[in-house]
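Subject: Structure handover

Hello,

Here is the structure you are taking over. Please open it alongside this email and follow the notes below.

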Amino acid sequence: MINSKLLDAPSADGLWHNLRLLDTDALLRGELATTPGVIAVQGGHVAYTGPAEGLPPDLLTRGARHDGGGALVTPGLVDCHTHLIYGGDRAGEFAMRLAGASYEDIARAGGGIVSTVKATRAATEEELFAAAAPRLQALLAEGVSAIEIKSGYGLATAHERKQLRVARRLGAHHGVTVKTTFLGAHALPPEFDARPDDYIDHVCQHMLPELAAEGLIDAVDVFCERIGFTLAQTEQVLRAARLLGLPVKLHAEQLSDMDGAALAARHGALSCDHLEHLSAHGIAAMKEAGSVAVLLPGAYYTLRDTHLPPIAALREAGVPIAISTDHNPGTSPALSLLLMVNMACTLFKLTVAEALAGVTVHAAQALGLQATHGRIAAGMPAHFVLWPLQEPAELAYWLGQRPVCRVVRGGRIVETGV
């Protein structure tokens, strides 16, 4: 559904010229390259992209002419792992962490996810929408054209429904592709204290099928971890999702090696995310399944982690690597995907080409959106960003500025600036 707000935005149809196009095929070879070119947009879709001399004559005079002013042009960015909708905040935990408390210490003391669950349950749908909208707007201002939003702070059918409904509304209101992921198995709610198996049964037999029947779920995720759910409990949820025809993904190997990535890969996971403790076995399984490795440098930074994901081994195996904000109130209160690109390079030692592929081509693949997002190609919807930058490396270099000059999303010119 596209809302009137997007329909009121100017059409991007016509010929976009005087551009320097980022070569996404070169990114996948580990290279940074741009070529002078044009983009022809017709009916909100790309009709042609490439050198001006290759433009079909019938497109030369069709529609308006948009002078790009020599801008660098990339595909619209994709933020493939977020927890954007929640009540309250957890700034107090930041201070606790600085005083030496670990992620697990905070969770066991009643903080962490469960504290956000309490605040989210207390909030109305309208309050959640009002709180999440500015967060989404901050990401859209950086050129994001598609975003995943997880539930997981409700942990009861009514409250998970509330989060997922808000996610759908955000997508419609802002004219952006939103993929909703059901994360009911995120933590153990207080009413199921010391009864994790009963809760997983409830997730699989009631919450998941009911919300899927309402059309609110695009994919299913689980927090598979020592302070989350066991491998057996995780598999129960993944099996239930697959029986409903829903794709799966997994919070895997963030704090320890639970072998969750290999399990998720056996279920054809779109992605496995975090992965600081990913084993060679998990890498091989992900490679065979075609699962994307989603790295989350914001959480690594906030938690002051020192155990790096196995970047070299993922690279050698040819597992696609995506980058995301992991926006959440506790461990990654990040609202800049470009900052995550910088962190992926500085903290994880990705190349700029790898990091840019990680927020375009590979991030789209992690959401199953590779046919519509992550590239600029004939036949695909027009999602692209014009940047007032000289070099692609500047997208990873600058800290704290949003250098977007124009954003085309869904075939509409939706953002302009300096």
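Predicted model: local features only at pLDDT ≥ 70, side-chain atom pairs only at ≥ 80, totals over all residues.

Residues are numbered from 1 along each chain as its sequence is written, and side-chain values use heavy atoms, with hydrogens and water left out.

Overall fold

The protein has 18 helices and 15 strands; helices (H or I, at least four residues) and strands (E, at least two) are DSSP runs, numbered from the N terminus. Its C-alpha trace spans about 70 × 45 × 40 Å along the principal axes.

Of the 418 residues, 58% count as buried. Buried means under 20% relative accessible area, exposed over 50%, and partly exposed in between (1.4 Å probe, protein chains only). Of the contacts (heavy atoms within 4.5 Å) with a separation of 6 or more, 71% are between residues 24 or more positions apart.

Core

In soluble globular proteins, nonpolar side chains tend to be buried together. A nonpolar core here is a set of buried Ala, Val, Leu, Ile, Met, Phe, Trp, Tyr and Cys residues joined through side-chain atoms within 4.5 Å. The largest one has 96 residues, and L170, F182 and W387 touch the most other members. Apart from it lies another core of 16 residues, including W16, L21, L386 and V408. Leaving aside residues up to four places away in sequence, W387 touches A71, L72, T74, L77, E142, L338, L395, P403, V404 and C405.

Pocket and cavities

On a 1 Å grid over the protein atoms alone, a cavity is a set of points where a 1.4 Å probe fits but cannot get out, while a pocket is an open set with protein on both sides within 12 Å along at least five of seven lines; lining residues have an atom within 4 Å of a point. Points are joined across faces, edges and corners, and a volume is the space filled by probe spheres set on them.

The largest pocket holds about 460 Å³. Its lining has 25 residues, with A107, V114, A187, L188 and I227 nearest the centre. α4 (91-98), α5 (103-108) and α6 (113-122) each give two or more residues to this lining, and α5 gives the most, with four.

Two cavities of 30 Å³ or more turn up in the whole structure. The largest cavity has a volume of about 120 Å³; 13 residues line it, and H83, Y103, H186, N328 and T331 are the closest to its centre. The second largest cavity, of about 40 Å³, is lined by L22, T74, L77, L338, L356, V359, T360 and L395.

Two loop residues

D193 sits in the loop between β7 (177-185) and α9 (196-213). D193 is exposed, with a relative accessible area of 58%. H267 is in the loop between α11 (260-266) and β10 (271-274), and counts as buried at 14% relative accessibility. Beyond residues up to four places away in sequence, H267 touches E235, L238, R239, R242 and V248.

Regards
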